[in-house]
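Here's a quick briefing for anyone opening this structure for the first time. Have a look at the picture, then read on.

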Amino acid sequence: MTSKKNELSIRFCGIAGDGIVTSGKILAGACAGIGLEVMVNDIYSAEIRGLGKSTTTVRFSTSKVYSMGDGIDLLIGMAAKESIAEVKDVKPGGGIIYDSSTPGDITEENSLAAHIPSEAHGYGIPLKWLANEASGTNRGRNLVAMGALCFLYSLPPDMFIHRIKTLFTRKGEKVLEANINAFQLGYQYCEEHFPLNHPFEVKEGLSPRQLISGNDALAKGAIECGLKFFAGYPITPATKIMEITAKELPKLEGWCIQAEDEIAAISAVLGASFVGKRAMTATAGPGLCLMSEMINLAVMAEIPAVIVDVQRGGPSTGLPTKVEQGDLNIALYGGAGDSPRVVMAPSTSEECYTGIQLAFDIAEKYQTPVIFLSDLFLGQRIETVFIQETIERDRCTRKKPSPDQLNNYLRYKITDDGVSPLIVPGEPGAFYTITGLEHTIRGTPNYESEVHTMMTAKRHRKFESMVVDLPRADILGDKDAEIGIASWGSTIGAILEGMAIAREEGVKSKLIKSIMIHPQHEDSFRAFFDSCKRVIVPEMNYQGQYAALLKSRYGIKPMEIHIPAVNPVSPLKIAEKILEANHGLSK
Amino acid sequence: MKYVIIGAGAAGVTAAKTIREIDTSGEVVILGEEGFSPYNRYMLTDFLCDSIKEDELIHTSASVFKKIGVTFRKGEHVKAIHPQKKCIKLFHNEVVHYDKLLIATGGTPGLGPVLQPFQKHIQRYYSLEDICLLKRKMPSIQKCIVFGEGLSSLDLLCGLYNLEKQIVYIIRGTRADWDLVEPEFYGELHEFLEEKGIEIITEDRVISIEKSNHCFQVLTLKQRKLTADIVFAWDHYKPNITCIKGTGIEKKLGILVDEQMRTSEEDIYAAGDCVEIYHPGLKNYWINFGWSNAQEQGEVAGKNMAGQRETYKIQKTIVFNLKGKSLRARWWR
């Protein structure tokens with residue numbers, strides 16, 4: 001007898017109106033409700049309207065889920081034609097649910113069943129008929145399929161019913177009843193026709209888990225650490241952050257405005273920050289391009305600001321609904337002149353929450369723009385997290401001038417740490433010029449070489465002094481391993497799972513990860529690289545942007561994995577690279 | 001050329017392999033109703049007793065099909081055959097065209113009108129799915145009732161005995177002996193079973209099964225009231241030929257075929273436990289159930305479908321061949 005499964009990956013595939021996203025929500029909620037670790041990833045077409053294909057993949061496990069893994073255990077094909085392309089992802093021994101209640105004849109080419117490989121199990125279920133029986137309409141096919149999968153893996157139906165009630169109660173008793181009926185019919189059909197199920201190991205007594213997306217966590221973290229002003233222009237995949245701030249900030253006497261474009265948004269953010277408010281914008285790659293000029297102004301005028309870039313595939317409009325880590329270069333270098341800025345990249349939803357708070361602290365204390373590089377996979381995926389609510393703590397605040405200093409206020413006073421006292425204009429004694437032009441310590445425009453050299457050094461000195469406030473890099477994995485991996489952002493999850501796979505093959509590796517891209521605790525990176533015989537740098541872009549940074553900064557010669565991604569990185573691919581590196585070592 | 005084979009048992013798989021050996025370029029598709037790769041049905045009891053693992057049951061894996069270029073689709077139910085259009089229709093309305101079609105749907109144990117109403121209380125013992133489900137139940141089962149005759153029941157009794165279950169065996173006749181049993185058992189089987197501790201109830205039959213709490217109440221024709229944790233029962237073994245309904249393919253109990261395994265419809269062949277073939281000795285059509293026979297018929301059908309001319313040799317004696325695997329050997333385990 002095969003042992004119970006302790007990890008599953010389920011994918012719903014359909015077109016608009018099939019309830020794909022709702023299915024993911026119900027399944028994820030049910031699994032989190034019984035204490036399982038869950039991660040959900042939605043993939044949909046860039047077109048907002050129409051019958052575009054969409055998929056939701058829910059991966060759940062009794063142990064920590066770091067990535068979407070490789071392959072799926074069950075494909076639920078709500079739309080046959082669209083689902084055929086997903087069949088290749090079904091693991092050997094996995095299953096495929098297809099609708100057997102097609103009204104007319106279908107050809108082999110368009111039949112999902114005809115594409116099921118012999119290594120997989122096909123479950124023909126009359127989704128449409130059963131949905132009709134439950135509600136009198138075709139709606140609810142997804143709930144029939146949900147009931148089917150609940151039986152197929154012996155998951156507790158009560159938790160699903162609870163989630164269905166949570167989602168549909170507000171739509172009225174009739175709708176709720178129809179959905180519950182659909183679920184139960186799917187369950188019963190499978191019980192009768194496919195009694196040989198594959199039980200999932202459900203442990204009793206686990207506490208329900210909180211589900212949150214990276215974008216949710218980020219917005220929550222920003223609001224809880226004092227965000228008072230948000231300005232943005234809607235763009236996939238960052239829009240959710242604006243939606244949350246639009247809802248929450250007014251309750252806290254804050255503001256959220258939808259600007260006419262990204263330039264206006266960042267301008268408003270700088271204005272709000274200029275008058276003392278913690279301010280943020282959120283955009284994607286195309287928006288970050290537009291914001292470049294104003295980010296330069298923030299560097300020059302030393303205005304705190306947090307700019308979130310939820311990266312998607314590029315360049316230009318690119319791939320609006322696909323993930324890529326291609327904006328590192330523009331975040332690091334996208335400005336005229338010597339334009340230093342802080343760049344951070346969280347790798348989990350927890351880090352979105354805590355990291356954005358750190359971003360504000362750095363921005364406020366060091367009077368600098370901070371670019372916070374999330375990405376589509378991290379921002380939109382939903383996962384079980386443990387977020388400790390922000391409690392009272394000593395927040396980094398702006399360095400204020402002393403009363404004496406206000407008698408002769410020097411906005412850009414030269415200091416050891418490069419940080420000058422900052423006061424909201426209009427307060428007594430706070431009269432100064434702010435400009436994008438090079439300026440004297442008083443803020444007056446000046447183009448003398450000596451002044452420019454002095455002020456440039458001052459602006460860069462902040463980056464040296466802020467290092468003491470930055471978290472050190474984490475070293476994960478086998479500390480004595482000779483193969484080291486350095487990476488950033490959401491790729492980290494797949495790397496951790498890839499390392500575990502390689503470990504099972506007997507090959508040890510370790511990972512250095514830091515939310516800080518620039519600046520970094522360079523000594524910890526140097527020590528890490530010195531301890532490695534081989535370094536691998538995987539990332540989701542074609543150029544190897546992080547690898548280029550590490551090479552120039554630390555002089556390493558890594559094995560690079562450049563994945564211009566449309567889907568999250570595969571742990572297996574990482575494992576293969578680790579094994580390849582090990583093979584090279586043993587030669 | 002597209003060859004479609006309905007059924008992934010011994011006859012169907014043998015036919016597919018035979019076709020592939022002769023015609024290396026034609027498309028060969030097998031449609032199996034069960035959700036497993038083709039397996040050795042005669043070894044199911046070994047699997048029940050954990051003598052072998054599930055993968056040891058499989059005789060043709062997905063990778064083998066891939067290697068020889070045969071498309072194997074499992075879990076597919078054929079609901080109609082349209083000989084005029086040369087296509088079949090699957091349960092989900094997919095239309096599959098063929099140039100040559102083989103029906104190799106086998107046979108299954110069935111229930112007569114007396115037991116039919118109690119079907120949901122009767123444990124099936126025929127397919128790999130049945131055995132997998134039974135294995136899950138086994139730890140909580142102690143007392144078993146078996147009602148049915150023939151080698152299949154002997155095989156089941158053997159398995160239950162090896163699993164140390166308490167067995168009540170009900171038969172219609174006066175003794176548990178049958179003509180088909182291997183010679184060394186003939187005339188001694190009844191006593192042999194009793195020596196093993198199996199309680200045999202003769203000249204009776206099950207007429208009612210009711211569920212009560214976690215067990216079953218069984219009533220016999222002679223008003224015996226028995227209790228068991230599980231009840232196995234079957235009345236007969238018959239060919240599966242529902243898919244030919246409405247086709248005009250000639251049939252009696254099974255599909256009638258000639259010596260080349262051709263049915264009455266052009267380009268449609270049949271082989272294995274689902275067919276009846278004329279036996280000159282008996283002067284009648286008969287069903288030659290059994291694994292080796294199914295393989296032999298499948299090979300003949302495959303050759304003829306692929307353009308060769310092969311004739312099925314009628315066996316002179318009726319032999320139920322269990323692949324040379326002695327039932328007696330199991331008792332000595």
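The radius of gyration used here is taken over C-alpha atoms, and the globule rule is 2.2 Å times the number of residues to the power 0.38. For the 587 residues of chain A that rule gives a radius near 25 Å, and chain A has 26 Å, which agrees with a compact globule. Keep in mind that this is a predicted model, where local features need pLDDT of at least 70, side-chain atom pairs count only at pLDDT 80 or more, and totals for chains, interfaces and linings use all residues. Residues are numbered from 1 along each chain as its sequence is written, while chains are lettered from A and ligands numbered from 1 in the order in which they are written.

**Chain A overall**
- Its C-alpha trace spans about 85 × 65 × 45 Å along the principal axes of chain A.
- Chain A has 19 helices and 20 strands, counted as DSSP runs (helices: H or I, at least four residues; strands: E, at least two) and numbered from the N terminus.

**Where the chains touch**
- 20 residues of chain A are in contact with 19 residues of chain B, meaning that their C-beta atoms, placed from the backbone, lie within 7 Å.
- Strand S6 (residues 121–125) of chain A gives the largest share of chain A's side, three residues.

**A sheet in chain B**
- Three strands of chain B form an open sheet in the order S17-S19-S20, with mixed pairing; strands pair if DSSP finds at least two bridges between them.
- S17 (255–257) and S20 (284–286) of chain B are at the edges with a single partner strand each, so one side of each has no neighbour in the sheet.
- S17(B) and S19(B) (residues 275–279) run parallel, joined by three bridges.

Definitions and conventions:
Contact = placed C-beta atoms within 7 Å.
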